Amino acid sequence: MITPEWAAAAPTLVLGVTALVLFAFDSIDPESSNNPVLAGIAVVGSLAAMGVSVAYLVAGVGDPAVELYGGQLVVDGMALFFQVIFTSVTALVALASYDYLEDMRHQAEYYILLLLAATGMSLMAAAGSLAVGFVALELASLPSYGLVAFLKQNRGSAEAGLKYFLIGALSSAVFAYGISLVYAVSGSLLIDAVAGSVRNAGQPGVLGVGVLMVLGGFAFKTASVPFHFWAPEAYEGAPAPISAFLSSASKAAGFALAFRVMTVAFPIEGVVGAVDWVLAVQVLAVVTMTLGNFAAATQENVKRMLAYSSVGHAGYVLIGLAALTGTGDGGLVLGAGMIHLLVYGFMNTGAFLFIALAEYWGVGRTFADYNGLARRAPLACVAMTVFMFSLAGLPVGGGFVSKYYLFAGAVNAGVWWLALVGAVNSALSLFYYSRVVKAMWIEEPAEGVDVSSYPSTLYAAVITAAVVTVVLLPALGLFSGFAFDAAAAVLF
Amino acid sequence: MAEITAFAPAIAVLPFVSFLVALFAGKYLPKKGALAGILAMGGSLVLSLLMLYTVATGHAHQSTLYTWVGGEAVPYELTFGILLDQLSTLMLVIVSLISFLVHVFSLGYMNDEDEGGLPRYYAELGLFSASMLGFVFADNLLMAFMFFELVGLCSYLLIGFWFREAGPPSAAKKAFLVTRFGDYFFLVGVVAVFATFGTAAFGGPGVEESFPHLAELALDGEASVNTFGFAPRTWFTIVGLLVLGGVMGKSAQFPFHTWLPDAMEGPTPVSALIHAATMVAAGVYLVARMYGFYALSPTALAVIAFVGGFTALFAATMGVVKREIKQVLAYSTISQYGYIMLALGGGGYVAGVFHLTTHAVFKALLFLGAGSVIIAMHHNENMWDMGGLKEEMPVTYYAFLSGSLALAGIVPFSGFWSKDEVLFETLIHGLGDSPLLLGAYAMGLLAVFFTGFYTFRMVLLTFHGEPRSDTARDPHGVRWKVKGPLAVLGALAAVAGVINLAPVAELTGAHIDFLHSWLFHGPEGLNGEHYEELLEGVAGYHAAYPLGETLTMLASAAVSLGLALAGAGLAVALYRGPEPVEHTDKLGALKTVLFNNYYQDEYQVWLAEGLTARVARAADTVDVSIVDGVVNFVSSLSLFTGDRLRRVQTGIVSNYAALLTLGLTLLLVAFGVMQGWFL
């Protein structure tokens, strides 16, 4: 417990206040090019939020869960765990953006949007009702559209932003409609209350359509098939740090809301007669994993490859929901999903930030353009190698452990075939991840690329992400208890 | 006094330490590790003698040192343990003695000849001795198997010691592969023993459940074991024959004998060790070790006897035409181990162990003698280049002669007594109710003639007559390190027979058949007396004396001595004189067959190249075309599908919206139908 109770929402509040501080700074000094101050405020704000959420998590503030505003907000272990993910990714991205945005205009707006999106994500993780969830999702999404289109003069960026917005609008409509149908059946928007009234509810068809549409909303946010179409284009067109932000934090936010709503509002044993959403998620997981990895395997553009691999990873995390069959330890597999998102938050962010580094240098976008990069920037290439192998699930980083937990949880829940599909996809993913490594370390360097400067904060962000990825391999043994406990607390 | 057995593991640990010392510090030591090895083997010898004494005072001993698999949940225990009884302590003494002498001899053969790689040599020699000693005192079949394999590994390393030359690596590989082939059967046999009895213990004082004992009870119907649907006797025969596969590989019995002559590529002291006390002896020792098990199966015994008798004759005929001194010795080894197998199969447990003992002494002597000759001849091994060495190297000559007389079986040298007992035991059991044994006996008897012939041909060509080459006229001198071991072994080869002068005991009534009494007073279930009861009661072996006991024995001794003398005499007649000539041409077509060793290598090479390689190639084809084909197909399918998927991403946002809606609709309709929303 914590007094005053509203202090439990501190991570979200800190993020929001940081955004407002940036806003105030921008009002006083519009068109400021004082980059260090802007980036500094953003980094400090997100680090502060991260510190608060880590402290809460360790101090056990979320246990038992703190309910605010009549249950509209719920601060529990899972919310705090996800807030750690969002804030750390935000901090890394803000740090890396300092160099990336060098000499660009509208920098204050960039950081404000970043912090506002992070605030929305933080709220999504703590949403206690479907209405709050929807508003928070929009709060996270709308700044994201703007961020993707941030490079206004760049056609790709603008186009991607528009596409993202259009698909986002469509998905939000589906999501809102789904909520309304659920409300029609249950008569409540509070997640706990919904859970009480959907058990053996009267109109299974209405409930079923509603649940699947809500699931569709989550699929959009997590970039899962068939709501993934925006992802490759948005990730490719957006500034690379924003790609990192969207593919790591935004995806995790979608899962945060999905985990809470699906497990608490629609407990499977209560709604299985109306809609077997676990089966639906299993289908989505398999299709998402397979499609993401197969499409990634044929890309020539590294950033686009990472975009598709991000879709594939959404499929892995979906196992966390898909394995809630009622047999086996649900907390184990749900916690495994959370852990994978945590690790993914570092390794994927790091990979995209490496792309940002490459863009900063003016290195091309294809695999071939990365040839021999290791001779010019060995340290960054070591970091990238760590990201790639950890993403593939090799035991050089935490990605190995989290994938292992996921697959073990799936086997434990009796859906071994899901683990098998995951393992086959992981094997395939090794193919395209190692292409990057091969290009960097083995191929002969191309002529004409000049790596003359070493942007310090971008470098720092990449190296930090790499170190954390590696450290998580042994440290997960200590850390994973938080995730499993939090997941178990949500489930029961 | 019983506490002294606590030091028994040191018998194998000491040489192992010398292995480590020679391996890691050998190049800094004055004799490159030789002294460490000699010290270790000396220690082992002293300890072995102490153990022998302990056992002689009635303290046979068994103890489990380490259980590496065991506990409540597993049906068997896998352990390392030590069994010290009459048989194993005797063998420990033999092995450590021979190994000690070989180490000393190596000072002269390797160090004085300035060979390279000495630390490696002494390290391998130490490991070899340690493995063999561990094998000898093993108290269960699995531990025995492990050390058996280590022995095989070390012999591979030592045979291939000069690995930069062409021959040794090839010979080492051959030895390894051929013995490995037999060991496959042994391994299956070990598993079968575990599956059948749940224990692989040999027995010994204080051991309640040993597999020979359980097998015996099972035959009497007093214990039930898992025989996999076979009648117990049939199944025990099968298991026994499986283990025998390993025995035949190691002891170079037909048809696994082909590796042994090639193994002469190793340094000569190693050959002495391999032939006399370690590698080859391991096989027959294993039969003696689990004799209580083999004695239950007359079929297995008959197979052992026949393989032994046939090998004895077969190898002896090949030894007749060889030109290299070590080749003759190699075939004689195969032949002599055939005798030991013949004895064990023919119901002569004591005779087999006796011949194992005497053979260890005189064969080590002959090899070291040959080594001495080879030093003198500047590493030329062809006997046709020798001659007349008698005057130049008298110590070697007389020692070698003593060994040769023993090998040929001339009274009163040690070989006579043991070989005579082997043949006698087989004969009387054959004359009993086991006429099959008479066939094996006949082959063994005939081999005596050939043994006498090739032995004396070798002696005459090497030492007598006029020197036939310049090196033979002016041989390289040898020093005490070579002469010392030769003298010790020469004396032993002459007199070692006294440990079991059975015929003399029979004639005089004096109890001087010491080995017989020694082996008959082992721990319960592990002694000759028990084995004899089993042979009589279970295997149906009976002794018969058509001429009365004494007369039969004398007749048998007279026949084998006569044949040995005849063989020796023929050799003397043919190769006497200052300028002996080759007589092999008189053999006609047979000569070619003998020089080619009955084409045994050829068919085994065909087995390896013609058959195995072809099967492997066929498997490779399957792998490349089908397995790889499937894999390649999958990967190209993945890339193709990936390419299609990429095209779905058209870049037109209205297409995305349509596909998204379509996907959602599909999902809704599918679940609607499945869950019956529309009903």
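The largest cavity in this predicted model has a volume of about 60 Å³, and it belongs to a set of 4 cavities of 30 Å³ or more found in a search of the whole structure. Its lining is made up of A:Leu215, A:Phe218, A:Ala219, A:Thr222, A:Ser224, A:Phe255, A:Ala258, A:Leu284, A:Leu318 and A:Leu321, which divide into 8 nonpolar and 2 polar residues, with no charged residue among them. At least two lining residues are supplied by each of three helices of chain A, namely α8 (204-222), α10 (240-265) and α13 (302-322), and the largest share, 4 residues, comes from α8(A).

Between the two chains, 37 residues of chain A are in contact with 24 residues of chain B. The size of an interface is often given as the accessible area lost when the parts come together; for chain A and chain B the buried area is about 2,500 Å², of which 77% lies on carbon and sulfur atoms.

On the side of chain A that touches chain B, two or more residues are given by each of α6 (155-186), α8, α9 (230-237), α12 (277-297), α13 and α18 (416-441) of chain A, and α6(A) gives the most, with 7 residues. The residues on this side of chain A comprise 24 nonpolar, 7 polar and 6 charged.

Terms used:
Residues are numbered from 1 along each chain as its sequence is written. Chains are lettered from A and ligands numbered from 1 in the order in which they are written. This is a predicted model: local features need pLDDT of at least 70, side-chain atom pairs count only at pLDDT 80 or more; totals for chains, interfaces and linings use all residues. Side-chain values use heavy atoms; hydrogens and water are left out. On a 1 Å grid over the protein atoms alone, a cavity is a set of points where a 1.4 Å probe fits but cannot get out, and a pocket is an open set with protein on both sides within 12 Å along at least five of seven lines; lining residues have an atom within 4 Å of a point. Grid points are joined across faces, edges and corners, and a volume is the space filled by probe spheres set on the points. Ala, Val, Leu, Ile, Met, Phe, Trp, Tyr, Cys and Pro count as nonpolar, Asp, Glu, Lys and Arg as charged, and the others, Gly among them, as polar. Contact means heavy atoms within 4.5 Å. Buried area is the accessible area (1.4 Å probe) that two parts lose on being put together, summed over both.
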